[in-house]
Amino acid sequence: MKKSFRVVSAIAAAAMVTTALVAGATASNAATVLTISSDLPLQGSSFDSNDSTNKAIQLYLKQIGNKVGKYAIKFKVYDNATAAKGGWDDAKCAANAQAHVANKSEVAVMGTYNSGCAKIIVPILNQAPGGAMTMVSDANTNPGLTKVWNPGEPDIYYPKGIRNYARVCTTDDIQGSAAAQFAKSIGIKSVYVLNDTQTYGQGVAQAFTTEAKKIGLNVLSSGSYGEGWDSKQSSYEALFTKIAALKPDMLYIGGIFDNNGGQLVKDKFKVLGDNTAVKMMAPDGFTGYPDFNKMPEADGAYLSFAGLSTELLLKNAPNGAGAKFVKAYKAAYGKDPIGSYPIYGVAAVQVILAAIAKSDGTRKGVTNAIFSGSGITIPANQSVLGKALVISTLSGDTLAKDITIEVVKGGEETTLRAWTVK
Amino acid sequence: MKLRKSKTPKQSASHKKWTIGFLIAAVIIWVFYTYIMYNLPDGPQTIFQNWFPPTTINEAMVWVICALGLNIVVGYAGLLDLGFVAFWAIGGYTAGWFMSAFFRQVNIHLGSPSDAAKLPGIHVTFWGVLFIGGLICAFFGIIIGAPTLRLKSDYLALVTLGFGEIIPQVFTNGENIAGFNMSNGTKGISPVDNISVPGKILGPFDFSWKFAIFVLLTAIMVFVSLRLRKGRLGRAWLAIREDELAASMMGVPLMSTKLAAYAVGAFSGGVGGVAFATHVNGVFADRFNFSISIILLAMVVLGGMGNVWGVMVGALLVAWINSTGLPAFGDLVNNTFGTSINFPSYNFLLFGGVLILMMLFKREGMIPESRLKAILHEADDTTSNVGGAH
């Protein structure tokens, strides 16, 4: 008797749980809730910057009441890094891509941080059943994702023949060129180029080398993207001893700080001297790292950023949407956004939201809103970037060609000037 | 099997049980992911997507294939291998070379799927590449095996460790070998061709098809492992594992027996590598680091060295914890208690702790091989089923 009672009550409990689950599901179906997500590496040394990006997006969505047009917006965070790798992980990127597609209410993705990861995710989103899902990146600067670059690019990333990838930052080819032009403007005659042997590092080093040769700088390194540094090496003194013999005016480091950039900069200081003796310049792969800025060896290093730095945004439009947002961020979290990517993350979300507002609330609709008709333009008075943001309907790239030149001073990135590529 | 009735009938029965169990589990999972999961209401579906997404299941199957290969080297022949990731990498790059538009300078198509027909490069059918990858790895297995024949235990482990470090470095830096781009450096090779089965090309969302293929590959590896284990070669491996000197005195040819273990194990690693490349749709040099070798070894040791079923369970469990289990558990805890603990970062602490506990209390693994258990527990009779080779 007792036993059968227990069985009955167990069944009843199970039935109740099932009903609750089903009821919960139907309730969420009733409202037009659309999910947008971010897909960033949340482990390893780029955590600070990307965590700040997620916080900025959450704040922005809260400011607009979590809705756009007739849709309520939910935000979901994905992590494309694993602890074992200490950074983005290819298998995790592939798994995330599948998860984006499987999550029925998800209409668009903000991300990724690393171009390599985007190259895995974009083709999968492109083939999503029911229509391609769009990803808008705040930080992918590799040109091959949207432009003719390496053989087969960019078409290999779009198997369905339609575009579903946009970005709000400028690309490495523009950033590398700007860096070379800037170097010439401060009187540099000869440069030695290094790269971290990765997609991003080589891309930006190649653009720098090409432009430097074109404008008459003496490039002392050989090859089209300079010499690679091995991120697993424990010392680079031998490398710099070799470089010292060539007496360059400036060292250009195309790569990411994560790839043992700290040791590289230390050894540069040890062998070549400080950044007044032999100047040093690095691309945005070295921006947004408090660890780098605080190194005494980094003092005086020039950095370029593919877009306008937060500081410059505030200066250019002190009463604009961007400046207001940065103030709100500081009020909400007690400190400034880390690096300049968080603001670009919000800009990418603005593009996604504008596309959702123009769409029928489906993935296909969102993709079409960005890549067909008049496309997406965020007017200057709304854009957190302080000026109008126009996304090309053909390539998905931003039409802006702004680069910020920064210099590390007193342990912080400070803006030197804006540079528009000639 | 029937010829040797006197031999451990209990074991055969247990293998039969496990085989049936494995097949039933595979069919249930396949039916669930093909027909049931996507028709569930959103709530339960989200739970499954969070805890058991189909990509994780497929990735875990790849780990199983590689772990089964390592089991032959470590579990059967007792040769400690700390560089198994090398075979995974070679298998992956074989897929990159033979299933993509990477070598644009040539235009070779052998049974490639129709969607790759217009692309330049080498496009061989997935099934062919499985064999090519396996064979290339077996070849490298023999190459690594040859110089280590005179080494034992720690020294052998060091050489394999070196091998496991060298091969990925070759791929990482293989972008410009006298002007020839072998591996595309850290940029990797992507995308690779889709798998084609008669009448269908498997796109990125055909999980259940891929799952079926991975299960088939696993089943083949299990079959090969079990048959080899029973045969002359398997008994010779065990003899070497237990006492190399005694085995050689009894006439076991050490060289060919050890090389065979490396070759067969490496073949499996190659197959796993090709399967993984189709799973992530590319091959990236960054992935192939030392921790992969260690995780594979942990799978074999935790599961039960020498027992294919134990190794399979160990691999599934560890792969799941690594990719989904721990992050999902972390989300659950953080969402419930409002904390923000980064659970995945405790991955290695957890593995380390579990390994130590296992070594203290259950050295033979979760599902031990009966023989190994007998030895480790110094049971009275270990001679009854010693399969000496002659």
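Helices (H or I, at least four residues) and strands (E, at least two) are DSSP runs, numbered from the N terminus. Keep in mind that this is a predicted model: local features need pLDDT of at least 70, side-chain atom pairs count only at pLDDT 80 or more, and totals for chains, interfaces and linings use all residues. Residues are numbered from 1 along each chain as its sequence is written, while chains are lettered from A and ligands numbered from 1 in the order in which they are written.

**Helix 5 of chain B**
- Among its buried residues are B:Phe126, B:Gly133, B:Gly134, B:Phe140 and B:Gly145. A residue is buried if 20 or more other C-beta atoms, placed from the backbone, lie within 10 Å of its own, exposed if 12 or fewer, and partly exposed in between.
- The cover over those buried residues includes helix 4 (85-98), helix 6 (153-172) and helix 10, along with strands 1 (99-100), 3 (121-124) and 4 (195-197), of chain B.

**Helix 7 of chain B and B:Phe211**
- Helix 7 (residues 207-230) has 24 residues and reaches 34 Å between its first and last C-alpha, close to the 34 Å expected at 1.5 Å a residue.
- Its buried residues include B:Phe207, B:Lys210, B:Phe214, B:Met221 and B:Arg229.
- B:Phe211 also sits in helix 7, but this residue is partly exposed, with 19 other C-beta atoms within 10 Å.
- B:Phe211 touches B:Ile29, B:Trp30, B:Tyr33, B:Ile57, B:Asn58 and B:Met61, leaving aside residues up to four places away in sequence. Two residues are in contact if their C-beta atoms, placed from the backbone, lie within 7 Å.
- B:Trp30 and B:Phe211 are 181 residues apart in sequence, yet their C-alpha atoms are 7.2 Å apart in space.

**What UniProt says about chain B**
- An unreviewed UniProt entry places the feature "transmembrane region" at several stretches of chain B, including 124-146, 207-228 and 341-361. UniProt positions use the numbering given here, feature names are shortened, and annotations may be inferred rather than shown by experiment.
- In the model, residues 124-146 of chain B are 87% helix and 4% strand, with end C-alpha atoms 31 Å apart.
- Residues 341-361 of chain B come out at 71% helix and 0% strand, with 30 Å between the end C-alpha atoms.

**Where the chains meet**
- 30 residues of chain B are in contact with 32 residues of chain A.
- On the chain B side, helix 2 (42-51), helix 3 (54-76) and helix 10 (254-280) each supply at least two residues, and the largest share, 4 residues, comes from helix 2.

**Chain A**
- Chain A has 13 helices and 18 strands. Its radius of gyration (taken over C-alpha atoms) is 23 Å, close to the 22 Å that the globule rule gives for 422 residues, so chain A is as compact as a globular protein of that length. The globule rule is 2.2 Å times the number of residues to the power 0.38.
- Buried residues make up 55% of the 422 residues in chain A.
- The chain divides into domain 1 (32-170 + 315-391) and domain 2 (172-305 + 404-420), with bounds from an automatic or database domain assignment.
- The C-alpha centres of these two domains lie 28 Å apart, and their contact takes 16 residues from each domain.

Definitions and conventions: Expected span 1.5 Å × (residues − 1).
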